[in-house]
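Visitor: Could you walk me through this one, a question at a time?

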Amino acid sequence: MSVRNSIRVGAFLLALCLLLAGCTSREVPPESSSAPPPEPSLPPPVARYTPPELSVTAGDSCFALQPEEYVWSSVDQYGDIGQESRTAAPSSSEESEAVSLGNDGFQIIAQLPYASLQVEMAKDGETVFTDAFANLKQFTPQTGVDYLVTLTGQWEEDDYYGSCVYRFKANYALEPQFAFEPGTVSLGEVMVIYGYHIPAGATVTATTDLKQAPTFFDYEGGKVGFLAVQYNGAPGNYALQIKVNDKAYDYQIKVNDVQWEVEHLQVEESVTSSTINSAAAQEEYTRVTAPLKKISDAKQYWQGPFMVPLPQDKIKSITSEYGLVRYINNNKNPSRHDAIDYAAPAGTPVYATASGRVLYAGFLQMTGNTVVIEHGFGVKSWYFHMSALHTQTDAMVNQGDPIGAVGTTGFSTGNHLHFGVTINSMWVNPHSFLAHDLLGDPTTETSASAPESSGEEASQ
């Protein structure tokens, strides 16, 4: 074999070896597969919402409330509904330290918007107020008293719903407040003064530039007093100072003028000599009635407006109005009429204008057969000149009970009923008590229906 052929054969064998070496080192690709990749690892499902907390703001302080009781459902990210509940006794709340609240009370912010929120205020284990939380402003708390506050919320969303109960103890440290809208009063009228947030056991007193000052009584968790303005006083602005213990609160009230009627009355000398011109009659009247005017029962006996003390169909007319200026037998020095005179036939029944306690039932030379009734808080009604008495001293009467009959005894010129009202020794306008409840809403003057009475005597 020639040299050239030998080279050719060697080259061929070398190439074949390299080819075989390359084939054995090449990796065989894996067979293709349609199986999905494995899923990533996920945490277990958890509830999306938990029973919410409430944020309570009271003045400059703020604290969180966790629900003590709840029934709660919520939806997780997979649409699964989770439910949980808890029932707990409120002992922990009752034993906790009370949160101090001021005149502005407290405000609530919920972690989740609620559908409704109810509030209950309890004192010494007894519920004293319950309503929607938005109406809490209608609650009149007592200062220095511990209240257990219970808040019940309802949630009604698509992905969370349920109810939760929250509790905390609160103590109101309130500044006393007094209200006497509208701040003006006319001569012969009464201004009602309400006191709120008065500390338990505190003494409330008042002084004025007028001839008398109100006395305060316990009323619906606070205080109430009546400022009676004398009919023969002067209009103008007057100072009113109210003290709670030693702390003073100063106000100004306006007294409006009234144009009074004028009456010229002629009375027989036989009547005047035994009544208005009799020293004995004057002394007896003052001795009996002056102590009565000072009596003020701390209990309110009446409810609602006073009633006209006669059957409406028996009243002929009002012969003399309250407050009128009266000239008797041409006397240059007038007197004042402090009541309403209703002309009615003799024997017409006279009724108690409102419920109360009879302070006096008897005969006085000046006023004839007389009845005086204390209705509570120093409010009294007076009935003069009756022909008969149908009640007795110390009796308790209800509104509309018969107490006497129309007559013309004492200083009188004809059959009529002299009907008056006093507060703190001041004669005030009876129409105001017939037109509305002194402690309530206006109404119309009312009288009781009653059996007809006999007698047709005219009155003056």
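**Burial, core and pocket**

Visitor: Is Phe-377 buried or exposed?
Guide: Gladly: Phe-377 has a relative accessibility of 2%. This is a predicted model, where local features need pLDDT of at least 70 and side-chain atom pairs count only at pLDDT 80 or more, while totals for chains, interfaces and linings use all residues. Residues are numbered from 1 along each chain as its sequence is written, and side-chain values use heavy atoms, leaving out hydrogens and water. Since buried means under 20% relative accessible area, exposed over 50% and partly exposed in between (1.4 Å probe, protein chains only), Phe-377 counts as buried.

Visitor: What is the phi of Phe-377, and in which loop does Phe-377 lie?
Guide: Most residues other than glycine have a negative phi. Phe-377 is not a glycine, yet its phi is positive, about 60°. With strands taken as DSSP E runs of at least two residues and helices as H or I runs of at least four, numbered from the N terminus, Phe-377 lies in the loop between strand S27 (368–374) and S28.

Visitor: Which loop holds His-197, which also has a positive phi?
Guide: His-197, not a glycine either, has a phi of about 60°. At 10% relative accessibility, His-197 counts as buried. Its place is the loop between strand S13 (190–196) and strand S14 (204–208).

Visitor: How many residues are in the largest nonpolar core?
Guide: Such a core is a set of buried Ala, Val, Leu, Ile, Met, Phe, Trp, Tyr and Cys residues joined through side-chain atoms within 4.5 Å. Among the members that touch the most others are Phe-226, Trp-302 and Phe-433. Not counting residues up to four places away in sequence, Phe-433 touches partners including Val-190, Pro-305 and Leu-438 (contact: heavy atoms within 4.5 Å). The number of residues in this core is 54.

Visitor: Which element gives the largest share of the lining of the largest pocket?
Guide: A pocket is an open set of points on a 1 Å grid over the protein atoms alone, where a 1.4 Å probe fits and protein lies on both sides within 12 Å along at least five of seven lines; lining residues have an atom within 4 Å of a point. The largest pocket holds about 970 Å³ of space. Of its 39 lining residues, those closest to its centre include Ile-276 and Arg-326. The largest share, 4 residues, comes from H4.

Visitor: How many disulfides are there?
Guide: The rule asks for a pair of cysteine sulfur atoms within 2.5 Å. Cys-62 counts as exposed at 52% relative accessibility, whereas Cys-164 counts as buried at 0%. The count of disulfides comes to 0.

Technical notes: Points joined across faces, edges and corners; volume = space filled by probe spheres on them.
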